[in-house]
Amino acid sequence: VSPPVPPSPPGAATIRRAQLTDAPAIAALSAELGYPADPNTVRERLKRILNHRDHHMAVAVADQQVAGWLQAHASDMLGSGFRAEIVGMVVSQAFRRRGLGRLLVESTVAWAREIEAEMIVVRSNVARAESHHFYPALGFAIWKTQTVYRMRLVPPSQ
Ligand SMILES: CC(C)(COP(=O)(O)OP(=O)(O)OC[C@H]1O[C@@H](n2cnc3c(N)ncnc32)[C@H](O)[C@@H]1OP(=O)(O)O)[C@@H](O)C(=O)NCCC(=O)NCCS
C-alpha cells in the first residue's frame, strides 16, 4: 500500500492593486462577505474607487486566482487625526488560514505609513467571528464598541 500523497504546498500569494478586470472575482468574494453585487455594479464602483488617490484597493492572488480583497481609505478626522481605515476585506473560504489576510493587511500598513497616517482603524461586525481572532493576531487592539446607524437615501440597488 503506497503512503497517502500529501497535499501539494500552497503556492505563494501575491498582493497587487486591484484592476477593473478583477470585478467579477471581487463581486463573487463580496457575496461571501454578505454583500452580493453583480459584476457590472462592482466594476462601476471599482472604477470610482481606483480614481481616488486616497484609497488603497488591493487583491490577493493565489493559485492564479483572486482569492481576497481589501479596501482602505484615508480620512482626516478633526477629533483623532489622519487615519487609514480598512472598510472592507474578505478572503475566500477556500483560501483562509494561508496568510492571505495577513499579506493584505501588511500591504495596507505599508500604504498607511507611506501616506503618513497616524493609525489604522477597522470596524468589524461582532458576528464576524474569525476577524476577532485575526485583527488581534496582527497587532490591532480593541479601541471602542459602537452602534452603527444608517439613513438610506436611495433604495438598495441589489
Ligand atoms: C478575517 C479573514 C479576512 C482572515 O483571513 P485569512 O487569510 O484566513 O487570515 P490569515 O491566514 O492571514 O491569518 C493570520 C492570523 O490570524 C489569526 N486567525 C485568522 N483566522 C482565524 C480563525 N478563524 N481563528 C483563529 N485565529 C485566526 C491566526 O493567528 C492567523 O495566523 P495562523 O494561521 O498562522 O495561526 C477571513 O477569515 C475572512 O475573510 N473572514 C470573513 C470576512 C471578514 O470577517 N472580514 C473582515 C471584516 S472587516
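**A first look at this predicted model**

Strand 2 gives the largest share of the lining of the second largest pocket, namely four residues. Welcome to this structure, which is a predicted model. The protein chain holds four helices and five strands, and along the sequence they follow the pattern β-α-α-β-β-β-α-β-α. Along its principal axes, the C-alpha trace of the protein chain spans about 70 × 35 × 30 Å.

**The second largest pocket**

- Rolling a probe the size of a water molecule over the atoms shows where empty space is left.
- In the second largest pocket, that space comes to about 160 Å³.
- The lining of the second largest pocket is made up of 13 residues; Arg17, His55, His56, Met57 and Trp111 are the ones that lie nearest its centre.
- Strand 1 (14-17), helix 2, strand 2 (55-62) and helix 3 (100-114) each contribute at least two residues to this lining.
- Sorted by class, the lining of the second largest pocket has six nonpolar, four polar and three charged residues.

**The sheet**

- Strands of a sheet pair through backbone hydrogen bonds, either parallel or antiparallel.
- Here, five strands form an open sheet with mixed pairing, and their order is 1-2-3-4-5.
- Strand 1 and strand 5 (119-122) stand at the edges with a single partner strand each, so one side of each has no neighbour in the sheet.
- On average, neighbouring strands of this sheet are turned by 30 degrees against each other, direction ignored.
- Strand 3 (residues 65-77) and strand 4 (residues 81-91) pair in the antiparallel sense, over 10 bridges.

**The helices**

- Helix 2 lies across strand 1, strand 2 and strand 3, and it runs at about 120 degrees to strand 2.
- The axes of helix 1 (residues 23-33) and helix 2 (residues 39-50) come within 8 Å and cross at roughly 110 degrees.
- Angles of 65 to 115 degrees count as roughly perpendicular, and helix 1 and helix 2 are therefore roughly perpendicular to each other.
- Where the two helices meet, Ala23, Pro24, Ile26 and Ala27 of helix 1 are in contact with Pro39, Val42, Arg43 and Leu46 of helix 2.
- By class, this contact of helix 1 with helix 2 has seven nonpolar residues, no polar residues and one charged residue.

Notes:
Residues numbered from 1 in each chain as written. Predicted model: local features only at pLDDT ≥ 70, side-chain atom pairs only at ≥ 80, totals over all residues. Heavy atoms only, no water. Axes fitted to C-alpha atoms, helices over the stretch in contact; angles between N-to-C directions. Parallel < 35°, antiparallel > 145°, perpendicular 65-115°, else oblique. Contact = heavy atoms within 4.5 Å. Nonpolar A, V, L, I, M, F, W, Y, C, P; charged D, E, K, R; others polar. 1 Å grid on protein atoms, 1.4 Å probe; cavity = no way out; pocket = protein on both sides within 12 Å on 5 of 7 lines; lining within 4 Å. Points joined across faces, edges and corners; volume = space filled by probe spheres on them. Pairing = 2+ DSSP bridges.
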